Amino acid sequence: MKKYILLIGLIILMGYISCGGNTAPIITDIAFNPNQPSPGSDVTCTVSATDEDGDPLTYAWSANNGTFASNTGNPVTWTAPNSEGTYSIEVEASDGVDIDTYSENIQVATGVGSVSGSNPNSIQILDGYYSALGITISGAPAGAEVDSITFTINIDHTSYSDLTVDMYAPDSVYTRYWEFNYPGGSQTRTSSILAGRPVNGDWWLTVTDWIMNGEEGMFNGWNITIYYEE
Ligand SMILES: [Ca+2]
Ligand SMILES: [Ca+2]
């Protein structure tokens, strides 16, 4: 008999809840800051939700990757996984009776940073000899590798067909940008030839006059901007 009373009581209680006029909460959005985080970085996740009855809401978060410092509350901090990709973040909002769930994708991808330097000195390019100007780069994160390079060089010479122009990365890997075909004056090049080289360290541009014909000139400095993946 006690069991029946308990059961009837439970049915009445359930009926009260379902017909009690509660309106379920509604989640309208999850906002991420930053919107496109780099791998392993922290993201603030903020949910927007309403409850027509004005009930206080509690939140429970989950994700298919990465970790939450705490998975309850609003906002919460989610640490992105260490690999690029698109991940799903889900949140439940509860008013104590009903819940609403909502999920949103977040893209985790590496960004691009840049560092610049210049060497404004002018040095002579002697006939049949080479001249070099260095730039020390130190502002990139440790271990950063080149994605692409933009540089501007200025040469004044009486015979540009005497010249080759080479760039040396900090690890001494080099590439030749002009081989007896420098167009003259100030030139700007953008290139990924040296992609993967270390960013920080000493960069050199070497101008070599190969032909001893009395034709000489000046190497009037250069500047460089190096783009790297973060
Ligand atoms: Ca409610
Ligand atoms: Ca010469």
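Reply: Two strands pair if DSSP finds at least two bridges between them, and the strands themselves are DSSP runs of E with at least two residues, while helices are runs of H or I with at least four residues, all numbered from the N terminus. This is a predicted model, in which local features need pLDDT of at least 70 and side-chain atom pairs count only at pLDDT 80 or more, whereas totals for chains, interfaces and linings use all residues. Residues are numbered from 1 along each chain as its sequence is written, and chains are lettered from A and ligands numbered from 1 in the order in which they are written.

Me: Which residue in S13 stands opposite Thr-164?
Reply: Strand S12 covers residues 163–168, and S12 pairs with S13 in the antiparallel sense over 5 bridges. Within S13, the residue that stands opposite Thr-164 is Glu-179.

Me: In what order do the strands of the open sheet of 4 strands stand?
Reply: The pairing in this sheet is antiparallel. Strand S10 (130–137) and strand S13 (174–179) each have a single partner strand, so one side of each is left without a neighbour in the sheet. Neighbouring strands are turned by 15° against each other on average, direction ignored, where axes are lines fitted to C-alpha atoms (for helices over the stretch in contact) and angles run from 0 to 180 degrees between N-to-C directions. The order is S10-S15-S12-S13.

Me: Which strands stand at the edges of the open sheet of 3 strands?
Reply: This sheet has the order S3-S6-S7, with antiparallel pairing. Each edge strand has a single partner strand, so one side of each is left without a neighbour in the sheet. The strands at the edges are S3 (58–63) and S7 (99–108).

Me: Over how many bridges do S11 and S16 pair?
Reply: Strand S16 (residues 217–229) pairs in the antiparallel sense with strand S8 (residues 112–119) over 8 bridges, and there Ser-114 stands opposite Tyr-227. Strand S9 (residues 123–125) also pairs with S16 in the antiparallel sense, over 3 bridges, with Gln-124 opposite Met-218. Between strand S11 (residues 146–157) and S16, Val-146 stands opposite Tyr-228, and the number of bridges is 10.

Me: How far apart do the C-alpha centres of domain 1 and domain 2 lie?
Reply: The chain is divided into domain 1 (24–108) and domain 2 (112–229), with bounds that come from an automatic or database domain assignment. The C-alpha centres of these two domains are separated by 49 Å.

Me: Is Ser-172 buried or exposed?
Reply: Ser-172 lies in the loop between S12 and S13, and has a positive phi of about 75° although it is not a glycine. A residue is buried if 20 or more other C-beta atoms, placed from the backbone, lie within 10 Å of its own, exposed if 12 or fewer, and partly exposed in between. With 10 other C-beta atoms within 10 Å, Ser-172 is exposed.

Me: In which loop is the place of Pro-34?
Reply: Most residues other than glycine have a negative phi, and most peptide bonds are trans. The peptide bond from Asn-33 to Pro-34, however, is cis, with omega near 0°. Pro-34 has its place in the loop between strand S1 (26–33) and strand S2 (42–50).
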